[in-house]
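Reader: I have a model open and want to learn to read it. Can you take me through some features one by one?

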Amino acid sequence: MKKKWWHDKVAYQIYPKSFLDTNGDGIGDLKGIISRLDYLKDLGIDIIWLSPVYQSPFVDQGYDISDYYKIAEEFGTMEEFDELLAEAKKRDMYILMDLVINHCSDRHEWFQKALADPYGKYGGYFHFVKGRDGKAPSNYRSYFGGSAWEPVPGTDLYYLHMFAKEQPDLNWENPELREEIYKMINWWLDKGLAGFRIDAIINIKKDLSFPSFAPDGEDGLASCVKMVEKVNGVGEYLEDIKRHTFAKYDAFTVAEVFNMKDDELAEFIGDEGHFSSMFDFSAHTLMQGENGWHDVRRPSFKEWRDTIFSAQKRVQGIGFEANIIENHDEPRGASRFLPEYAQNEAGKKMLATASILLYGIPFIYQGQEIGMTNCRRSDISEYDDISTKDQYHEALRAGCSEAQALECCYENSRDNARTPMQWSADAGAGFTKGTPWLSINPNYVCINVEEQRNRSDSVLSYYRTLIALRKSPEYKETFTYGRFVPAYEDEDEIFAFYRVSEESSQDILVAANYGTAPVTLNLELSEGKNSGVKVLLSNKGKEREQEEQARKDGSITLNSCESVVLTF
C-alpha cells in the first residue's frame, strides 16, 4: 500500500449549525468554529470535516445548495471562511468541506433557468422527462418518501429528485454540467481545502430509461435505490472527477457510498481508487428496518460485532475505510450501540476504545467525545428533520400509535445528532445566548465540555488519552498499518481484536466486555512472555492491576463495561 499523508490522521466532523453560535441568533457559525480550534487540537484532531456551509434555503439542512461559491449568511462570510483555513493551517490541521453534487437546490440559478426554458441549455443540466400515460415517468419513491418525480409547471415533463422535491438531481450525462462541477471543485481546492467528504455520490449514475420496478410498499412505489443498484458505469464518472480535480491536489476524499457492488471495493478505495476512503456503514445498515423505522430490530451483540469484524477483514490489504460511531445522519452511538446498562461513562469509553483503534481512519462526530446521547421529544412538531417527519407518518400508517411513532424517532432520528453542542451547564448549554434553532438536550446540565474538561476520569479526558495513544511514536505504526485480527470470537460478550505489525514486530490486544458478568481471558502468550505484558490503557483506570494479573498468571479479567489495551 502506498503511504499517504492522511493515513495516520484522526478526523472530526462539525455540524456548523449546531457547533457554536457567537452572534446570538441561535445558529452556529464560522467564528464559533474558529474559536474552538484549540479545543480540537488539544483533543488530538488533525482533519476537520464541515457539513455544508454553502448558501442554501436549508430544506435539507444545507444539502440543498443554491450557490456553490457562496457561504450561507447564517454561518458568516467568505472572509471568515478564509480565516478558518488560515487558522487551521497554523495548527497543522486540515479542512474538508461537504461536496454535494448529485443534486442542488431548486433555488439554484441553473434550475431556475431550466424551469424558464425546459428544452434549453439548463434544462439539460437536470433530468426533465416526459410523463407516461399522464403519470410520472416511473414509480420511484424518493429517499424522503413520496414520488421521486415532480411535474414541471406548464409542461408534460417531470423532473427527478431522489431526495426532497426541492433537491433536483443533476444530469451527469451532460458534459457541460460536469465541467461546471469540476471548475467549482478546483476553485475550492485552490483556496486551500485539503479535500472533501462526498455526499450520496453513487446516485449520480442513472438508467436514463428510468424503468419501473415491482412496488415494495402500499403506495405502489418502489425505492429509487433499486434503479441505483441495477445501473452500471458510475466508476467512469468517479474516475473522471478524480482526474480533473482531486488527483491534481493530492486531496483527501472520503465518500458516502451505499449500494456499491461487492467486488468494487478496490476500485473505490484501493491505491488507484476513486477516493482516498469511504465510510464503513456496515453496523449502521444492520440497524435499519426493511420498511422504515417502525420495524427496526436491534441485532444481537454477536451479530453487531461480527458485522464490524467482517468489514475490517474485507478491507485488509485494499485500502482505508473511515470508521464512525455516529454522524449527522445517524442517532447517537451511545444510545444506539450500547445496551441500557452500559449507557454510562464506562460504556462510552469502552465503545470509543473499540472504534478508535480499529484499522482505518477514525472519524469523531461533535459531542461524541463527551458522550452526548439521543434526545427524547414529546411531539413530532419538536423535530426539524424532513426525514424524521416522513418516518413518523410512515409509522402511523403502519399502525403504530403516536407514542410508538415518537419512540421510533427517539431511537432513529437524525435530529438526535443535530442538537446543539453541549459546552457548559449555563443557559443555552454555552452554545448560544439566544434561542437555539433546535432545542437542546436537557441532559446538557450534566453532560458538557466544561464539566469534563479538567476531570481526569471523564469521557473527554479518555478520548484525549485514547487518541494520544493511537498517535504515539511507539505505537502509531501498528495502529495505522497493523493488520486487524479478530480475537476471542468464542466469547459471546467480548469485543476483542489484535493490531499486528510485522514491521515493528508488535502485537497489541484491544478487548472489551459488553456483557454484565466478569470474563477472564487467557492471554495467548508464548512461554515465558508473561513478564513482557504491558497494559497501555484501561477505561476504568486499572492499568497497574490488570498488568499485575497478566504478568502473574497470563490472564486478564474484564468486568462489565470494561476495556483494556495491552501489548506483549
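Predicted model: local features only at pLDDT ≥ 70, side-chain atom pairs only at ≥ 80, totals over all residues.

Reader: How are two packed helices described?

Author: Two packed helices are described by the angle between their axes and the distance between the axes. Start with helix 5, residues 175-191, and helix 7, residues 234-244. Their axes come within 10 Å and cross at roughly 45°. That angle makes helix 5 oblique to helix 7.

Reader: What is the handedness of the crossing of helix 5 and helix 7?

Author: Helix 5 passes helix 7 in a right-handed crossing.

Reader: Which residues meet there?

Author: Helix 5 brings Arg 178, Tyr 182, Ile 185 and Asn 186. Helix 7 answers with Tyr 237, Asp 240, Ile 241 and His 244. By type, the residues of this contact of helix 5 with helix 7 are 4 nonpolar, 2 polar and 2 charged.

Reader: Now another pair. At what angle do helix 13 and helix 18 pack?

Author: Helix 13 (residues 345-356) and helix 18 (residues 459-471) pack at about 20°. Their axes are 10 Å apart. Angles under 35 degrees count as roughly parallel, so helix 13 and helix 18 are roughly parallel to each other. Helix 13 passes helix 18 in a right-handed crossing. On helix 13, the contact is made by Glu 345, Lys 348, Lys 349, Ala 352, Thr 353 and Ile 356. On helix 18, Val 459, Tyr 462, Tyr 463, Leu 466 and Arg 470 take part. The residues of this contact divide into 6 nonpolar, 1 polar and 4 charged.

Reader: On to single residues. Is Ser 538 buried or exposed?

Author: Look at relative accessibility. Buried means under 20%. Ser 538 has 4%, so Ser 538 counts as buried. Ser 538 is in strand 20, residues 534-538.

Reader: What does Ser 538 touch, beyond its neighbours within four places in sequence?

Author: Ser 538 is in contact with Tyr 462, Glu 543, Gln 546, Glu 562 and Ser 563. A polar atom of the Ser 538 side chain lies 3.0 Å from the backbone nitrogen of Lys 542.

Reader: Where is Asn 374?

Author: Asn 374 is in the loop between strand 15 (361-365) and helix 14 (386-397). Asn 374 counts as buried because its relative accessibility is 6%. The Asn 374 side chain reaches the backbone nitrogen of Arg 332 at 2.8 Å. Leaving aside neighbours within four places in sequence, contacts of Asn 374 include Pro 331, Arg 332, Ser 335, Tyr 410 and Glu 411.

Reader: And Ile 318: how accessible is Ile 318?

Author: Ile 318 has 25% relative accessibility, so Ile 318 counts as partly exposed. Ile 318 is in the loop between helix 11 (301-315) and strand 14 (320-324). Beyond neighbours within four places in sequence, Ile 318 is in contact with Met 1, Leu 265, Ala 266, Ile 269, Gly 270 and Asp 271.

Reader: How far is Ile 318 from Trp 293?

Author: Ile 318 and Trp 293 are 25 residues apart in sequence. In space they are 34 Å apart, C-alpha to C-alpha.

Reader: Last one. Which residues of helix 15 are buried?

Author: In helix 15 (residues 402-412), Ala 405, Leu 406, Cys 408, Cys 409, Tyr 410 and Asn 412 are buried. The buried residues of helix 15 pack against helix 12 (333-336), helix 14 and helix 16 (415-418). Tyr 410 is also in contact with Asn 374.

Definitions and conventions
Residues numbered from 1 in each chain as written. Heavy atoms only, no water. Axes fitted to C-alpha atoms, helices over the stretch in contact; angles between N-to-C directions. Helix = DSSP H or I, 4+ residues; strand = E, 2+ residues; numbered from the N terminus. Parallel < 35°, antiparallel > 145°, perpendicular 65-115°, else oblique. Left-handed = near helix turned anticlockwise from the far one by under 90°. Contact = heavy atoms within 4.5 Å. Nonpolar A, V, L, I, M, F, W, Y, C, P; charged D, E, K, R; others polar. Buried < 20%, exposed > 50% of the residue type's maximum accessible area, 1.4 Å probe, protein only. Polar contact = N/O pair within 3.5 Å; in protein donor to acceptor, adjacent residues only side chain to side chain.
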